[in-house]
Amino acid sequence: MAYLSLSGLSKTFGMTTAVEDFNLDVDKGQFVSFLGPSGCGKTTTLRMIAGFELPSSGHIILDGDDVTYRSPNQRHVGMVFQSYALFPNLTIGQNIGFGLEVRRMSKENTKKRVSEMLELVHLEEHIDKYPYQLSGGQQQRVALARALAISPRVLLLDEPLSALDAKIRVELRLEIRRIQRTMAITTIYVTHDQEEALLLSDRVVVMSQGHIEQVGTPADIYNDPATEFVAQFVGQLNLLPVTAVDAEKGTCRLAGQAVQFEPSPDRKISASPRLALRPEEVHIGAGEGRNAIKGRVESVLFLGSVVRLRVDVGGVTLSADLFNERRITLPRAGDEVIIHFSEYSGWLV
């Protein structure tokens, strides 16, 4: 039996349906991310698990208990918000120990637990400081320590890193995953950042308009997207109009040039098929045993570790990503090039 089970969960606000027929089983100790654009229902679902929103229908079973209509303080879950939500008039130690005092833990045990949490998040020397004396990243660590101090059955995180700058976000991602693994705590993480979800999660739940589009491992979500929405939302994607010659054998034509790919009998193909192809699967130059197509470089975009070429192929523009190297020689806009990709890299939609 799943440790956390969401069954037929729905939530409506007046005439608006925020979440509809949400079904998910989470094993104990798993890290699961809800990933999707703003307004897709991921935060509403998280708030229903926490007890801040009551479902319009469905059930929430936590460790064998039906907590669907219990108040938040009866669920024994920990919540970390985007805004930190620390008490400005309390020290860091007092913030972390607040939930323990509410639960009437002894002063001695509270002090010991606070010390353990500060050590876990590497903030031991800041115990007597106030939140305003810490950086944003440090404050979020305090919020995480406070949520974990009560030994919650489930840890819930609602876009906890979105207010931080890029470098701090990268550091805290790794810290969150380290802490989660150390404590082996069941974790639900809400984010619209695909890189964050892929990096942190055991499983990713991709959502759109209140529905689940796909549930899978990060590799499954990225390499084998179940729907066009997932393919486009997670990672970069070329969607190229093609003419199917023999879809069953994986043969088609792209801008009049022959293309071969591995057919997928389980995937539905539309009447106006398009070839889905990740930019990192497209390479410059001829490749033995691969699809080779002539094109002309439209633009060269420097993105740091990656250089993205925009290539015109008979009126169709596609992107090709190259890893940047210090002495890399790149084609220029207007250059004629040959691009190639494996028959295993693309699929028809």
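# Exercises on a predicted model

At 2% relative accessibility, Cys40 counts as buried, because buried means under 20% relative accessible area, exposed over 50%, and partly exposed in between (1.4 Å probe, protein chains only). This is a predicted model, in which local features need pLDDT of at least 70, side-chain atom pairs count only at pLDDT 80 or more, and totals for chains, interfaces and linings use all residues. Residues are numbered from 1 along each chain as its sequence is written, and side-chain values use heavy atoms, with hydrogens and water left out.

## Exercise 1: cysteines

Classify Cys252 and state how many disulfides the structure holds.

Step 1. Cys252 has a relative accessible area of 0%, so Cys252 is buried.
Step 2. A disulfide is a pair of cysteine sulfur atoms within 2.5 Å. The structure holds zero disulfides.

## Exercise 2: helix 1

Describe how helix 1 is covered, and what follows helix 1.

Step 1. Helices (H or I, at least four residues) and strands (E, at least two) are DSSP runs, numbered from the N terminus.
Step 2. Helix 1 covers residues 42-50. Seven of its nine residues are buried.
Step 3. The buried ones are Lys42, Thr44, Thr45, Leu46, Met48, Ile49 and Ala50.
Step 4. Gly51 follows helix 1, and its phi is positive, near 100°.

## Exercise 3: the second largest pocket

Give the volume of the second largest pocket, then sort its lining.

Step 1. On a 1 Å grid over the protein atoms alone, a pocket is an open set of points with protein on both sides within 12 Å along at least five of seven lines. Lining residues have an atom within 4 Å of a point.
Step 2. Grid points are joined across faces, edges and corners, and a volume is the space filled by probe spheres set on the points. For this pocket the volume is about 390 Å³.
Step 3. Helix 6 (194-200) gives the largest share of the lining, three residues.
Step 4. Ala, Val, Leu, Ile, Met, Phe, Trp, Tyr, Cys and Pro count as nonpolar, Asp, Glu, Lys and Arg as charged, and the others, Gly among them, as polar. The lining has four nonpolar, four polar and four charged residues.

## Exercise 4: a sheet

Step 1. Two strands pair if DSSP finds at least two bridges between them.
Step 2. Strand 11 pairs with strand 15 (residues 274-277) over four bridges. Asn238 has Leu277 as its bridge partner in strand 15.

Methods: On a 1 Å grid over the protein atoms alone, a cavity is a set of points where a 1.4 Å probe fits but cannot get out, and a pocket is an open set with protein on both sides within 12 Å along at least five of seven lines; lining residues have an atom within 4 Å of a point.
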